[in-house]
Structures are given as C-alpha cells and as structure tokens.
Amino acid sequence: MERFLMTIPAVPEMTSEIWIGRGFPDPFLPERGYRRTAAIFSQHGAATVARRVFDAVGTAPLMYLPDRDEAKTMAVVEKAYQWLAEVPLGRHDTVVGVGGGAATDLAGFVAATWLRGVESVMVPTTILGAVDASIGGKTGINLGGKNLVGAFHLPSRVIVDLDVMDSVPTSLRLEGLAEALKSGLIADAALVELFEKHGPSAPLDEVVTRSIKVKAEVVGSDFREDGRRAILNFGHTIGHGIEMAAGMPHGMAVAVGMVAAGAISAQRYGFPSQWLTDVIFSLGLPVSAFGVSRGSVLEFIGMDKKRTAEGTRMVLLRAVGDPVIDLVGDEEIDLGLAAVGIGSSG
Ligand code: GLY
C-alpha cells in the first residue's frame with residue numbers, strides 16, 4: 001500500500017495521510033496515545049464497504065445517511081449531532097465517512113463542527129470521491145446553492161482501497177475519469193498521455209494515484225483557496241451550470257465543461273481544443289449538451305458567484321499543465337456554450 005502525507009506548508013501542524021492500495025491499513029484508525037472510539041457515517045449504496053470498515057474499526061456505531069445529495073441538508077446534520085450525542089462521541093474520538101462525495105462531505109462537516117471539531121477519516125467508494133471530494137478538507141452541505149455552508153477540515157486519514165475502485169459501476173467510473181483527466185490537464189501531462197494511449201482502459205491504479213497526487217499538491221499549496229487551488233475548477237464553471245440546468249451527473253457535466261473551457265482557451269491562447277474534445281470523446285464521455293437552455297446555464301453560473309459585472313472567473317489552459325485563472329467576458333462564455341451545442345436561441 002502506498003502512503004503519503006499531504007502537508008500544508010503554511011500550517012505545519014495540518015497533515016492528512018493518504019493511503020492508496022488494496023485493503024485497509026492496520027490499524028484502521030491512526031494510532032494515538034489514548035483510547036478512543038469512532039462513529040461511521042455511510043450510505044446504503046456503500047453498505048458493503050461500510051460493513052468492512054465496521055469490522056476494521058472493531059465495532060463502531062454506524063448511521064446510514066439518505067442517498068446522494070439528500071444527505072447534505074441541515075436536517076441530516078441535526079440528526080447526526082443527536083446521534084453523536086447518544087453514541088456518545090467525545091473530543092478524542094473519530095468520525096469516519098464511507099461513501100461517495102455526498103457522504104464524505106456530510107461526515108466531514110459534522111466532524112468539523114461536532115465539539116468544535118473532531119478527527120475524521122474518509123473512505124471514498126467512488127473514483128470521483130477518491131480523486132476529488134475526499135481529498136483536501138472541503139466539507140459542506142447544500143443550502144439554497146451547492147456547498148454554501150461548510151468548513152475547511154482536513155481528514156487525518158483518507159483510505160483509498162483500489163479493490164473498491166475496481167468495482168465502481170461503469171457510468172460512475174466514467175465520471176471519475178473526467179475528474180482525473182482534469183487533474184492531468186492542469187498539472188500532469190503523463191496522466192493525459194495515459195488517457196490518450198489507453199482511453200477508458202487506462203490503468204486505474206495509476207490514474208487514481210496520479211490524480212490524487214495532483215490534488216494533494218495543489219491543496220497543499222493553497223488550502224483555503226486564496227488563489228491557486230481554484231485551478232481544480234477547470235471545466236467546472238460552465239460544467240456546473242450545465243449540471244444544475246440539465247440535471248446531468250457531475251462528472252459528465254465537467255467533461256462538457258472542459259470542452260467549453262477548451263474552446264475559450266483556444267481563442268485566447270491557441271490551446272488545441274479539438275485535440276481535447278477528441279480525448280474526452282475517446283473516453284466515452286459527453287462532449288456536447290444540445291437542448292440545454294443557455295439562459296438557465298447562465299443563471300446557474302451567476303448563482304455560483306463566479307459571474308460578476310467584470311466577467312466570469314474561469315480556469316483556462318495555455319497548454320497542458322499551464323492553467324490560468326481569467327476573467328472571461330459574456331461573448332467568450334457564449335463561444336464556449338456554442339462549442340457544446342448550447343445556442344443563443346435557448
Ligand atoms: N473540488 C475542488 C477543490 O477541492 O478545491
């Protein structure tokens with residue numbers, strides 16, 4: 001099993017251990033000098049892994065959350081607090097989140113706020129969760145908009161079991177590959193080459209490990225997103241607008257968003273956008289969103305607070321591995337939307 005530490009140079013006491021391998025580390029919880037317990041939050045879709053975590057921790061109470069983003073509400077947070085009070089979970093105990101991004105976002109937020117913050121351990125069960133949501137300490141719930149309430153709270157350990165990644169169903173796997181490709185485009189040309197060479201059969205162990213290393217490095221350089229961390233949002237500005245307007249799954253919408261951002265990057269910097277569209281297409285990911293309303297996409301981009309009077313803040317690419325955070329005008333957004341089939345008549 002590969003183990004590496006994510007450190008935040010500006011805050012030396014902040015460290016997150018990331019384990020990538022097959023099976024769980026032993027002991028499952030990081031060792032500390034005192035006896036403690038854990039409480040597990042999971043979702044029914046991740047029940048098999050949750051059961052293994054239950055055994056690995058040595059019998060810990062387990063609460064099942066509602067499926068998908070239904071888990072990320074104030075009502076669920078309140079139930080979770082009441083349950084932790086019954087457990088009871090003390091200051092030196094650990095919250096364990098097992099599941100996809102919604103489960104780990106909720107578990108992380110509860111850990112960040114229960115008793116003013118307790119340790120957390122995350123066990124992602126989707127590729128999206130492994131390469132993005134569980135890494136880097138962004139936790140939160142949806143309140144009006146996505147993730148409008150939350151906290152930065154680094155998990156002390158993230159356990160990525162590659163056996164679990166291998167068993168992710170195809171559509172979820174594709175979503176994860178979109179996020180992994182994004183990591184390659186912003187910071188790891190060798191990862192992009194893996195996708196060019198092998199398409200959707202790119203070796204998953206290497207894809208997941210390389211993507212996590214990109215995320216850990218970026219987060220380590222800018223934990224609170226004062227600047228550089230925003231490069232992780234390549235494809236997400238327009239992608240998120242499409243996700244909200246069309247109800248498209250996150251990874252698929254990010255794929256389309258990368259095509260749109262590629263087109264704008266081509267106009268500004270001569271980035272090879274057709275090449276990027278071909279790579280995304282060869283992975284089996286969508287490269288257009290015909291029929292989606294331009295008006296609603298723009299409205300959701302506005303709600304994301306990325307669109308201001310001066311323009312929309314977006315990540316563009318000057319080249320693979322050379323991202324830039326730019327203010328983009330409405331005409332350029334339209335060019336990006338047109339590149340994915342979203343026209344001004346919508
Ligand atoms: N998902 C983007 C970030 O963690 O900053």
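**Ligand surroundings, helix packing and backbone features**

A polar side-chain atom of lysine 215 is placed 2.6 Å from an oxygen atom of the ligand. This distance, like every value below, comes from a predicted model. Lysine 138 also points to an oxygen atom of the ligand, with a polar side-chain atom at 2.9 Å.

Attention now turns to the helices. Two packed helices are described by the angle between their axes and by the distance between those axes. For helix 2 (residues 74-86) and helix 3 (residues 101-113), the angle is about 55° and the axes are 11 Å apart. Helix 2 is therefore oblique to helix 3. The two helices cross in a right-handed sense. On the side of helix 2, the contact is formed by Val76, Val77, Ala80, Tyr81 and Leu84, which meet Leu106, Phe109, Val110 and Thr113 of helix 3. Sorted by class, this contact of helix 2 with helix 3 holds eight nonpolar residues and one polar residue, with no charged residues.

Helix 6 (residues 170-187) packs on helix 10 (residues 250-269) at an angle of about 40°, and here the axes are 7 Å apart. With this angle, helix 6 is oblique to helix 10. The crossing of helix 6 and helix 10 is left-handed. Helix 6 brings Ser171, Leu174, Glu175, Ala178, Glu179, Leu181, Lys182 and Leu185 to the contact, while helix 10 supplies His250, Gly251, Met252, Val254, Ala255 and Met258. Eight nonpolar, three polar and three charged residues make up the contact of helix 6 with helix 10.

What is the angle between helix 9 and helix 12? Helix 9 (residues 236-246) and helix 12 (residues 294-303) pack at about 120°, and their axes are 8 Å apart. Their crossing is right-handed. Thr237, Ile238, Gly241, Ile242, Met244 and Ala245 of helix 9 make the contact together with Ser296, Val297, Phe300 and Ile301 of helix 12. In the contact of helix 9 with helix 12, seven residues are nonpolar and three are polar, and no charged residues take part.

Aspartate 26 is joined to proline 27 by a cis peptide bond, with omega near 0°. Proline 27 sits in the loop between strand 2 (15-21) and strand 3 (38-43). A cis peptide bond also runs from valine 87 to proline 88, where omega is near -20°. Proline 88 is located in the loop between helix 2 and strand 5 (94-99).

Asparagine 147 is part of strand 8 (residues 145-152), whereas proline 27 and proline 88 are both found in loops.

Definitions and conventions: Residues are numbered from 1 along each chain as its sequence is written. This is a predicted model: local features need pLDDT of at least 70, side-chain atom pairs count only at pLDDT 80 or more; totals for chains, interfaces and linings use all residues. Side-chain values use heavy atoms; hydrogens and water are left out. Axes are lines fitted to C-alpha atoms, for helices over the stretch in contact, and angles run from 0 to 180 degrees between N-to-C directions. Helices (H or I, at least four residues) and strands (E, at least two) are DSSP runs, numbered from the N terminus. Angles under 35 degrees count as roughly parallel, over 145 as roughly antiparallel, 65 to 115 as roughly perpendicular and the rest as oblique. A crossing is left-handed if the near helix is turned anticlockwise from the far one by less than a right angle, and right-handed if clockwise. Contact means heavy atoms within 4.5 Å. Ala, Val, Leu, Ile, Met, Phe, Trp, Tyr, Cys and Pro count as nonpolar, Asp, Glu, Lys and Arg as charged, and the others, Gly among them, as polar. A polar contact is a pair of N or O atoms within 3.5 Å; within protein, one must be able to donate a hydrogen and the other to accept it, and residues adjacent in sequence count only if both atoms are side-chain atoms.
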